[in-house]
Amino acid sequence: MKQLVDKYAAKLAAHGLAEPGDPLVGGLDDRLVWNRRDGDADERIEALEQVFDLLSINSLVFSRPGEPYRSIIDFLCTRHESSIRPEDCETRTFLHDIPIMREFSGPAVADGLRRRKAVIIPGHGIASSGTVTPEQGFVFYSSTCFACFVLFFSGYLEAAKAGALDSEYREAFKHVVSLLPPVRGDRPQLMAGPLDSEERILAAMAEAGRAVVGYGLVDSFFGNISVLHDGIVYISQTGSSLDELEGCIDPCPQDGSSCAGLTASSELTAHDDVYRRTRARCILHGHPRFSVIMSMDCDKRDCPHRGQCHIRCSTPRRVGNVPIVPGEVGTGPTGLCNTLPPALEHSDAAIVHGHGLFTTAGFDFNQAFKTLLDVENACRNAYFQKIEELG
């Protein structure tokens, strides 16, 4: 357990979600252990240990968010009284809403976590829990940062279009933008194709997954990745970490002759149909922030599907040349398995509303990664150009 709490505390800092040395990650096995104990941490740990007594959990993550998330979350907490309700796919899938607790104490944190998977305590940080492994708390903490980022920038754009910006939002926006990392145009040199053996395929997928996470083109470590070779779709397992794919890739024959698909990504059906419809041989899927933000931007005010855009939008939309489609995770009647493959028949990239970006390539992951990065940079540029035009 000590190795796990240390690992996820380090990941929070490595992903820019917390300042190095700030995260507190506790794990309960035969005894309760923390990633660190020192003068700065002990006072907080005393309160957090009460949460283990009040809830049936085995792990807890707590930290002040790193910038720009800290400033974003602090601002949102001034605009929402008891909870924050983002509208991106990650929030719908994992969080639903994010409670705001105005007091940092064991009972208050436990009360929030009794209702949801993560809780915000303004001025103190984010707490999230897991019932199986500290990885769960890491995911929920990361998803909270991601969801608040998307909500902050989406909300600013909506307010700008409505002429409803106030001085506080403008000042907060200006400050947060100053904290954003610069646009990244450099690309990694990934394994060159052909990916014509299982050994090369698994190595290339693991390498590309690490690159997607390393460039911040995901929420926590989520997304999926696949290769088609000789009638077999090699795809990352559901819930797997894109930066730790070794041993977490399933070979799924397209003829259905194996049950490997039981543990494969929930988007296996979509990947499989893309391969059947196109000449693509590689697919990358990440959750780049501005791609998600721009996918949710719509000027149609009288739409009868407003509020259900992610499943019922029937208006063709694009960012540049990249189509935006509705679709839920999974294989139901409103699943992205029905909307994504047709979009990728005529484009090497498509954005699923509020969810993320899919890119394809025919030889190896170099072109798919380039497209992923280029589209995200184009969406970021499009966002700020629209803000500038709105004055």
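What covers the buried residues of helix 9? The cover includes strand 8, strand 9, strand 10 (249–253), strand 11 (282–286), helix 12 (336–344) and strand 15 (356–361).

## Basis of the model

This is a predicted model, in which local features need pLDDT of at least 70 and side-chain atom pairs count only at pLDDT 80 or more, while totals for chains, interfaces and linings use all residues. Residues are numbered from 1 along each chain as its sequence is written, and side-chain values use heavy atoms, with hydrogens and water left out.

## Overall form

The chain has 13 helices and 15 strands. Helices (H or I, at least four residues) and strands (E, at least two) are DSSP runs, numbered from the N terminus. Along its principal axes, the C-alpha trace spans about 60 × 55 × 40 Å. A compact globule of 391 residues would have a radius of gyration near 21 Å, and the value of 21 Å for the chain agrees with this. The radius is taken over C-alpha atoms, and the globule rule is 2.2 Å times the number of residues to the power 0.38.

Buried residues make up 56% of the 391 residues. Buried means under 20% relative accessible area, exposed means over 50%, and partly exposed lies in between (1.4 Å probe, protein chains only). Among contacts (heavy atoms within 4.5 Å) between residues at least 6 apart in sequence, 62% join residues at least 24 apart.

## Nonpolar cores

In soluble globular proteins, nonpolar side chains tend to be buried together. A nonpolar core is a set of buried Ala, Val, Leu, Ile, Met, Phe, Trp, Tyr and Cys residues joined through side-chain atoms within 4.5 Å. The largest one here has 85 residues, of which F152, F153, F365, F369 and Y383 touch the most other members. Helix 6 (residues 134–162) gives the most to this core, with 15 residues. Apart from this core lies another, of 21 residues, among them A41, A47, F52 and M101.

F369 touches P188, L190, A211, V212, Y215, L217 and L284, leaving out residues up to four places away in sequence.

## Helix 9

Helix 9 covers residues 268–277. Which of its residues are buried? They are L268, A270, H271, D272, V274 and Y275.

## Backbone details

Cis peptide bonds join E67 to P68 and G193 to P194. Omega is about 10 degrees for the bond at P68, and about 10 degrees for the bond at P194. P68 lies in the loop between strand 3 (59–63) and helix 3 (69–79). P194 is in the loop between helix 7 (167–179) and helix 8 (198–214).

D230 is not a glycine, yet it has a positive phi of about 55 degrees. D230 sits in the loop between strand 8 (224–229) and strand 9 (232–236). With a relative accessible area of 68%, D230 is exposed.

## Two further residues

G214 belongs to helix 8. Is G214 buried or exposed? G214 counts as exposed, because its relative accessibility is 54%.

S83 is in strand 4 (residues 83–84). S83 counts as partly exposed, because its relative accessibility is 22%. Beyond its neighbours within four places in sequence, S83 is in contact with D97, I98, P99 and I100. S83 and V119 are 36 residues apart in sequence, and their C-alpha atoms are 8.8 Å apart in space.
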